Amino acid sequence: MNKKTIFNFIQTRTGFFTLLVLLFWIKYLFVAYCDFNLGLSDPYQHIIMWTSPLGTTILLIGIGFYFPKPIVSYIMMLFMDFLNTVLLFSNVLYYRQFSDFITVKTITNATKVAPGLGKSAVALLHPSDIFIWLDLIVIIILLVTKKIRIDPKSYGMSTPFAITSLGAFLLGLNMFLAESSRPRLLRNTFDRSYVVKYLGLDTYTVYDGIKNAQTVQVTKNANSSDLNKILTYTKKHYAKPNSVTFGKEKGKNVIIIHLESFQQFLINLKVNGKEVTPFLNSIYRNQHTISFNNFYHQVGLGRTSDAENMLETSTYGISDGSLFTSLGSENTFQAAPQILRQDGYTSAVFHGNVGTFWNRNEVYKNMGYNYFFDQNYFSNAPKDKIGYGLKDKLLFSESIKYLEQMQQPFYAKYITVTNHIPFSMDKEDLDPKFKTTNTRDETINNYFQTAHYLDEAVHEFFNYLKASGLYKNTMVVIYGDHYGLSNSENETLAPVIGESSDTWNSYNNVQMQRVPFMIHAANLKGGINSEVAGEIDVLPTLMHLLGISNKNYVQFGSDLLSPQYKDWIVFRNGTIVSKRYIIIGNKGIKGVVYDCITGKQIINFTPEEKREIEKLSIEARQSLKYSDLLNNHNLLRFYTPHGFIPTAPNEFDYLTNFEQMVKLRRQLGTNSSSLYSKRNSSTTNLYKTDAVELKNRREEITQIPKNVQSNQLTDKKEEKKNSNK
């Protein structure tokens, strides 16, 4: 076929349709090989993947043929091509960040994830991304310049029907080939990449949407009898407390410091002769800190919100989205704030981003948080923010005017944000004494700078705790929520952390999922613990340290200090880590298994190893299965442990936090246990920070933002009396 023949064919509507399908198919294959890691292991899988987008692409773009008016037909074909390209491009960006594909829940709850994601998206862009959009841009230009003409011919219904039939045939052929290679793919899928690899993004999205709708229906039909198997499972795996540590911190304040995107390899790491996180290193090694060096994040698509959910409830995030955004507004929780409330605790979260991010303003009410201080309660000058919200030094320093008003004992959580991709920093916030790496990846170089800044912010906060007197009566929990650098960056990072990029493999990637976990208190006997541990285990551990039994609660973790603690954890994607094994993707001996001590892959299994691995795989699957059953069906609404008072979300009003605090302090009078009352004055003057933003406006630490509805409840006479002392 010569050039003239091809050109004339493109001038027809069928030729234009063929061109759109062909160009989309080419860019889909480009993305599949360059951006997605689909694990294509043999030629047959390559052939299946090549066919996977054709059927659905023909069906979608072919919709344009059902419109008889030529101009409308062309517009509809372009529009369907555009929508399909948007889906493809969105998955490319999402995959670069999460190494996974977008779910329908993620799409439908996108507005709840809140503003700010655009900044991360920009950081994820590659120059090659123009290839994804180039065909549409060129075709539109050719249409506008009339290099491609609108075909006025009428095609009736036979051609559209033929195109639909062709698309359906190719889709059916693709599903047949997929089934022959991977039987019962949609029934037994445990990894979304398998569905995309065999059936393509369009089919995966439709499948995920159907599955999501089925889950919604199942939730509506759930009843209390579904809870029995879960209660049996959690009671069977209950770990009784350690008699030495149980109640050791009873009645103490609890402060959770959530280190955003902070990985374990940062601890004790030096770059250019300087420690990246000198203060956190000192806390990690402190004689009053129980530290864990084999502690893993277990988050899924919900990332930070998954980490919070595990920390607060000891249940896993859901498999196909964020529990906070998908279910958090409706679900019943038995979370740390409400559990501790039974013992007289008040609770609060301090976070320098908008309250709608990850749907926190709704979820926290269901969890029982008394107060939530989002960005409205802090300074809002443009220079005070970076990335996902208020800079960490400002968050800690400006929170004191609220923290000191809280009745003790309190449970307070700080969610830092500066150490978040794209790890950007203003030059004036950089420590001139710390020089970061000079790798080819700027994300890695920036990561060490933001981690160093976060370390300084935590140091300043600890100094305040000691100066104010809170330190001696507070248990501080420090943990990293999830990885900061993705698997695609690990090989570049390897030499920096003393590893070889040439021998880097899946075992190393799993090890990179370790994050810090430290429990620090003045009366604790510390040490570094090497037990395999995970975020799912935090709540039972803290409850027992505070002298509260978790025996009757539905929790999937266990007390890390208990002699009966389970010695394995499971990631949300099914990968298992135990003392002896790393089992990738929970495929048992049929998958990739590493010896956890040597780091070598196990090829030939002994009978004992087979039994141990199979037992671990069953336990891990059950743990995830029952947690999903509990959360997806909202089963906790049917179960209330003895002595637990369920949350009443309507009683919380996060718009009047400060007003409530000051009003309660004044009502209690001499019975008030707030730090402000104990010292009979404010402690904001005790906070020392080198934040350049506050250098010439120290009043930000003490002033309440004008938009906060405080109604000027501060007792002026008391203020005057204290100022004269």
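The text below takes up the sheet, a surface patch and several salt bridges in turn.

The structure is a predicted model, in which local features need a pLDDT of at least 70 and side-chain atom pairs count only at pLDDT 80 or more, whereas totals for chains, interfaces and linings use all residues. Residues are numbered from 1 along each chain as its sequence is written, and side-chain values use heavy atoms, with hydrogens and water left out.

**The sheet and a helix across it**

Eight strands form an open sheet with mixed pairing, in the order β7-β6-β10-β1-β11-β12-β4-β13. Helices (H or I, at least four residues) and strands (E, at least two) are DSSP runs numbered from the N terminus, and two strands pair if DSSP finds at least two bridges between them. The edges are β7 (371-373) and β13 (527-529), each of which pairs on one side only. From one strand to the next, the twist averages 15 degrees. Within this sheet, strand β11 (residues 474-480) and strand β12 (residues 517-520) run antiparallel and are joined by four bridges, and Tyr 479 stands opposite Phe 517 in β12.

Helix α14 (residues 303-313) lies across β1 (253-259), β10 (410-415) and β11, and runs at about 165 degrees to β10. Contact here means heavy atoms within 4.5 Å; axes are lines fitted to C-alpha atoms, for helices over the stretch in contact, and angles run from 0 to 180 degrees between N-to-C directions.

**A nonpolar surface patch**

Leu 22, Ile 26, Ile 130, Phe 131, Leu 134, Ile 137, Val 138 and Ile 141 make a nonpolar surface patch of about 650 Å². Such patches are made of residues with over 30% relative accessible area and no salt bridge, like charges being joined within 9 Å and nonpolar side chains (Val, Leu, Ile, Met, Phe, Trp, Tyr) within 5 Å. Accessible areas come from the Shrake-Rupley method with a 1.4 Å probe, and for residues only the protein chains shown count as cover. Helices α2 (13-34) and α9 (130-144) each supply at least two residues of the patch, with α9 giving the most, six residues. Ile 141 lies in α9 and is partly exposed, with a relative accessible area of 47%.

**Salt bridges**

How many salt bridges does a search of the whole structure find? The search finds 21, a salt bridge being a side-chain nitrogen of Lys or Arg within 4 Å of a carboxyl oxygen of Asp or Glu. Side chains of opposite charge can pair when their charged atoms come close. The table gives three of these pairs.

| Pair | Closest N to O |
|---|---|
| Arg 96 and Asp 129 | 2.7 Å |
| Glu 651 and Arg 341 | 2.7 Å |

Arg 96 in helix α5 (residues 70-98) and Asp 129 in the loop between α8 (117-124) and α9 are 33 residues apart. Buried means under 20% relative accessible area, exposed over 50%, and partly exposed in between (1.4 Å probe, protein chains only). Arg 96 is buried at 12%, and Asp 129 is buried at 5%.

Glu 651, in the loop between α23 (607-632) and α24 (657-668), is 310 residues from Arg 341 in helix α16 (residues 336-341). Glu 651 is partly exposed at 44%, and Arg 341 is partly exposed at 27%.

Asp 429 and Lys 391 also link distant parts of the chain, 38 residues apart. Asp 429 is buried at 8% relative accessibility, and Lys 391 is buried at 1%. Salt bridges that share partners join Lys 383, Lys 391, Asp 426, Glu 428, Asp 429 and Glu 693 into one network.
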